[in-house]
Amino acid sequence: MGDDFQAKSEAFMAWLANSTATVNNKIALRDLRELDAGRGVIAVADIAEDELLFSIPRSSILSVENSALVNKLPAIFEDLDPWFSLILVMIYEYIQGNKSSWKSYFDILPTEFDTLMFWTEDELAELQASAVRGKVGKEEADKSLSETVIPIIRSHEDVFFPIDSQAKQLLSDLDLLALAHRMGSTIMAYAFDIEPAQTSKMTDEEGYASDEEDEALPKGMVPLADMLNADADRNNARLFYERDILIMKALKPIKSGGEIFNDYGPLPRSDLLRRYGYITDNYARYDVVELPFEVVRKVVESVAQIKPSIVDDRLEYLDEQGVIDSGYDISIQDYQQDIIEHMSPELVILIEAILLPQAEFDRLKSKGKLPKADKLTVQGAKVLLRLIRARIAQYATTYEEDAGDISNSMDCRGPVFRSEKRKRMAKQVRTGEKWILKEADRALSVVIEETAKTNEGFAKRNENSPQTGPNKKRRVA
Ligand SMILES: C[S@@+](CC[C@H](N)C(=O)[O-])C[C@H]1O[C@@H](n2cnc3c(N)ncnc32)[C@H](O)[C@@H]1O
């Protein structure tokens with residue numbers, strides 16, 4: 001079975017060889033469907049650290065810059081963001097069929113996805129109270145694609161549809177919407193942010209760039225570079241941007257037979273599922289639970305010793321100071337360390353600000369100041385504990401109910417039916433989140449008990465600790 005699959009892989013590699021790409025003969029594109037991992041790149045001989053795996057000319061990248069569409073309709077791209085621009089280019093090139101330079105590449109790109117955008121309501125319900133459900137954005141995507149991409153195609157049908165093709169007659173608006181979703185989801189799971197030949201992008205000392213920096217970069221589909229699967233622990237290759245070519249290099253020695261892995265950055269499993277449609281335990285350490293602002297608000301209102309209108313005033317001030325967010329993350333890690341390390345600093349500030357006596361709050365406000373993010377009082381810890389428990393109660397089942405059942409099937413691979421597989425992945429996500437909440441509950445309870453005796457503030461935040469909370473950064477791909 002799957003000869004078509006193999007033939008397509010071979011045609012793709014032949015197409016690549018016809019460009020000025022170079023591919024090290026120690027690597028090969030392989031069928032990894034038995035591992036439920038589609039295609040992947042493996043080493044067929046031992047590879048040394050820093051060895052070049054392949055290089056792709058910038059001219060082979062499927063991007064706005066390289067597509068004939070930009071010459072035919074330059075004006076449509078003027079105010080269009082990188083996503084919609086690349087979606088349009090991909091639809092255009094796809095519709096050109098054999099006439100597109102990227103035909104062999106399209107032949108190996110997916111037509112179906114397990115990303116959350118394509119899950120049924122029934123499947124999404126298995127995520128229970130995970131905040132990721134609110135991030136799928138299906139309706140918003142339907143609306144924005146229908147209002148931007150489809151009208152552009154319809155008003156330039158002469159350009160988008162080749163005269164001799166049936167596509168114009170055959171593709172209804174609904175078909176175009178489905179095609180736009182397919183291209184959008186391909187971009188989400190496959191595209192790279194293409195750094196210009198001369199980069200001015202700011203990264204921090206760990207090599208992370210802010211989301212804003214990445215969003216500004218044009219997106220492009222980089223053939224072969226996107227055939228690497230990814231793994232947080234087994235990452236052994238990385239793409240480097242040079243003036244005329246992009247180079248994939250080994251970051252460490254790779255043994256013959258080993259898979260070559262990229263890294264998608266420190267993504268919680270919920271986001272891995274949303275963006276890439278798969279999960280592995282190796283990303284569990286990046287899991288977070290979001291405490292939605294509405295839950296925070298309800299809890300602080302219920303515990304505050306002040307009138308609701310005063311709570312509102314304080315929240316307004318906190319908003320001016322940039323403390324209010326749609327949600328606050330708590331992360332996993334090791335609760336032997338200070339619990340406060342794993343809480344969003346803004347959440348601690350918010351809770352402590354609500355608990356302050358009025359005179360103290362007024363004093364801070366008059367100086368434009370805020371309570372310290374590194375000091376949580378016992379009262380603050382109690383509020384946090386209520387918050388954690390309110391969040392736990394939002395999930396339909398308990399950690400214990402879920403955990404027993406997934407222990408032997410954490411990898412979720414193999415020949416299971418698609419819907420069952422999705423539900424099992426959802427269960428892994430929600431169980432990971434419940435574990436964080438359970439650990440936070442345990443750690444807070446211990447700390448409250450111990451520190452209640454002294455009534456001192458506790459849990460100093462280590463100034464050198466990594467940033468947590470809503471402003472997390474992403475590693476440059
Ligand atoms: C950039 S592509 C990698 C190539 C892909 N396997 C293919 O056949 O086209 C990303 C997609 O590969 C799959 N994938 C990536 N890493 C994986 C892994 N470690 N295990 C299973 N699937 C993986 C996911 O479906 C993801 O959306």
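Helices (H or I, at least four residues) and strands (E, at least two) are DSSP runs, numbered from the N terminus. The model is predicted: local features need pLDDT of at least 70 and side-chain atom pairs pLDDT 80 or more, while totals for chains, interfaces and linings use all residues. Residues are numbered from 1 along each chain as its sequence is written.

D36 lies in the loop between β2 (27–31) and β3, and L224 in the loop between β7 (219–220) and β8. Burial is counted from other C-beta atoms, placed from the backbone, within 10 Å of a residue's own: 20 or more is buried, 12 or fewer exposed, and in between partly exposed.

| Residue | Phi | Burial | Other C-beta atoms within 10 Å |
|---|---|---|---|
| L224 | about 70° | buried | 23 |

Most residues other than glycine have a negative phi.

Around the ligand there are 17 residues, of which A37, G38, R39, A189 and N229 come nearest; a residue is near if its C-beta atom, placed from the backbone, lies within 6 Å. β3 (39–43), α9 (173–190) and β8 (229–230) each supply at least two residues of this shell.

Helix α14 (residues 345–355) has 11 of its 11 residues buried, so it is largely enclosed by the rest of the structure. In α16, the buried residues are G380, A381, V383, L384, L387, I388 and R391. They cover an arc of only 160° around the axis, which puts them on the same side of α16; the arc is that of the directions from the helix axis to the C-beta atoms.
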